[in-house]
Amino acid sequence: MDYLKNKGAALDLRVSILLCCVVSAVSGQIRYSIPEEMRKGLFVGDVAKDLGVDVRRLVSGRARLVIDDDNQYVALNKNKGHIVVNERIDREKLCAKKSPCSFSLEIVLEDPLELFSITIEIQDVNDHAPAFPKKEINLEISESTPTGTVFLLDSAADPDVGINSLQSYSLKANEHFVLKQHTRADGSKYAEMMLQSGLDREKQSEHTLILSAVDGGEPQRSGTVRIHVSVLDANDNAPVFTQSVYKASVFENVLRGTVIARVSAVDADQGYNGNVTYSFTHQEEDSSCPFEINSYTGDIKLAGDIDYEVSPNYEINLQAKDPWGVAGASKLIIEIADVNDNSPVITMASFSGKISEDSPPGTVVGLISVQDKDSGKNGQVHLTIDESLPLKIKTSFRNYYTLVTEQNLDREKRSKYNITLTATDEGVPALSSRKNVYLEVTDVNDNAPAFNQSVYNTQVMENNSPGVALLQIHASDPDQGQNARISYFLIDDEVNGNPASTYFSINTESGVIQSLRSLDYEQVKEYKIRIKAQDGGSPPQSSNTTVIVHVQDQNDNPPQVLYPVQTGGSVVAEMVPRSADVGYLVTKVVAVDVDSGQNAWLSYKLQKATDRALFEVGSQNGEIRTIRQVSDKDAVKQRLSVIVEDNGQPSRSATVIVNVAVADSFPEVLSEFSDFPHDKEYNDNLTFYLVLALAVVSFLFITCLVVIISVKIYRWRQSRILYHSSLPVIPYYPPRYSDTLGTTGTLQHVYNYEVCRTTDSRKSDCKFGRAGSQNVLIMDPSCSGTMQRIQSEKSILDEPDSPLEVS
């Protein structure tokens, strides 16, 4: 780091005298040197230490950097007193070929005002390799070209400077050509290729060479180009320019199309071989030459814009070539003359735009920088303001001016000043520029923000994307500055049992309310949230408003069929007697849609049917009715597919299958629907399990049958033993037995049952017979033995498992 500090010098003394009545100023100059391409945040210099300024002074004085350029390459860390890299610095972009490369800036301190000048030099690094403007150089050389003939080659361009710039050229070894290197007056290098041995087109008509350009950086970088030489038949004279160097001068404001210069070359050959064409050669690939040359006349015209402040001169290489490719070279130097074409630029280096009404005269309002890119008197400027204002301009140094108060300010008389700054240069004619700035006399925060409406209403379609903007609200505050800066906040009340912040958010700056989640009309149809607007005063003031968000329905729910219920494992069928007439109500499809409005309007339509001529579906009520008389020819099994569709856009639908049995009796329905296909897509595993289950059930059935037969045989044997024994018999009176004569009993009824069993229990039938006549059994009291036997026989008959019951 190169550090230079001059305090008390004559220039600084003069500046201090100018500022002594305004502010206390310390003038100094520091110079730092850093390489280009440094990362953001890297250390440049410790200005606090180098200037001898306390870090606390940087903070209290609201230190800031003032840079003339639009790019803020460095930044000031006030807390540490360091200057650090703020953005990538490209030396080639900043200074092009200029060396050394540097830019200046100032550090401004306030209360009191102090100004320090800093120069930062950018050192070049080898970040560019030499590059040729073309991928291939094509040369046409006559075979009669004498040895020693020189051919000018396109130069490589390297935007780096110093040792990092292009240093040398090299040509791949060959038997015909050698390379010669030259250095121009400005230090740039170019190469020429010289023919050292004669060419013979009959032996070899084409030659391919490799030209390399290397720089001197570390690491070294290089670029190559292929040279393609086509050997032509004899043409033994090259065009020769009338001058080795042409010079021209032009003002920077000249119009396009103006002829700047005319060049001429003579070819000693005659006829076709003496025709000469002109062109510019070895221009850098990324350069935009504002000139063009007429290839036949040699007139050079302005084709683009020229600017003295961008490039004060141009050096153009000229080439004259005959039809056989033999060329001569020259150079054109064009000097650009400056004109007063740049107006002064006014920059507010330090200006807050606010001042308290109790500020005394002499208070510094702002620091102003005026720059003019022109040179000489064209760049000398003066700054003035309207004399009627209670302000004045005081000259600082190096095109800096201070704006100070001259009288006491009174906000009640005037709260804002429109200040017109006029900067005028000394050019002929003089150019000037104006800049309007507004100075506000600050006030206290005595007004709260006010919304345009007390209640805002907005609508949003349900199933919205999270983050969609719903509404922008606005509040106004008659205060000024920070007191009128309004921020918007969402009051986190409960909405539907959850905090409002889980549903909505608001942009604190713009007042745009956004939905944080997808809303569902079927859950909540309306949200009420409260918004607070708060200004930036101290203390702040605020006001509230209510926002009502109406959720609009969207057709996002298909109809749901409530009846008939669709089950996966069983078949539900509606019965229609064969005597049903036209219009017979078979069943009704009942469906609902949780949407609202026309999205919930349902229509029913028969999609498929076993017999479309037999049934119809009511489009509005879903009733399935017969449309003709049912006949015996109609199939028992009828399968109807009914589609239920809503009226939304796009519409949604659901399909229900209705099984209808055309029969007069239930057994007929069972016989027909026993083999109704539930699921036709059986697999091998299901078959295996069914066979296994059938085997287990069969085994259990046979086991139970054997046990039941064994028990019955056992009971029958026990009953036979009791029948032949002489044990007394105790009378047993079964249910429904009444003693009519005191010693006799009567069974009230005899019932007959006819039972038919089949292997399929669903086809079994049972008939309940009519009651028979009463049987009265009269017993003789004198016949006690007979009574006992009869009762014993009756006891046997009453046994439910007695063999007598079966016979």
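Reader: Hi! What does R64 count as, buried or partly exposed?
Author: R64 counts as partly exposed, at 27% relative accessibility. Buried means under 20% relative accessible area, exposed over 50%, and partly exposed in between (1.4 Å probe, protein chains only). This is a predicted model, where local features need pLDDT of at least 70 and side-chain atom pairs 80 or more, while totals for chains, interfaces and linings use all residues. Residues are numbered from 1 along each chain as its sequence is written, and side-chain values use heavy atoms, without hydrogens or water.

Reader: Which side chain meets R64 in a salt bridge?
Author: That's E110, at 2.6 Å from N to O. A salt bridge puts a side-chain nitrogen of Lys or Arg within 4 Å of a carboxyl oxygen of Asp or Glu. R64 and E110 are 46 residues apart in the chain.

Reader: And is E110 buried or exposed?
Author: E110 counts as buried, with 14% relative accessibility. E110 also forms a salt bridge with R62, whose closest N and O atoms are 2.8 Å apart. R62 is partly exposed, at 38%.

Reader: New topic: what does R91 pair with?
Author: R91 forms a salt bridge with D124, at 3.2 Å between the closest N and O atoms. R91 and D124 are 33 residues apart in sequence, so the pair ties together separate parts of the chain. R91 is buried at 1%, and D124 is buried at 17%.

Reader: Back to R64: which residues share its network?
Author: Salt bridges with shared partners join R64 with R62, E110 and D111.

Reader: How many salt bridges are there?
Author: The count is 18. As for burial, 38% of the 807 residues in the protein chain count as buried.

Technical notes. Helices (H or I, at least four residues) and strands (E, at least two) are DSSP runs, numbered from the N terminus.
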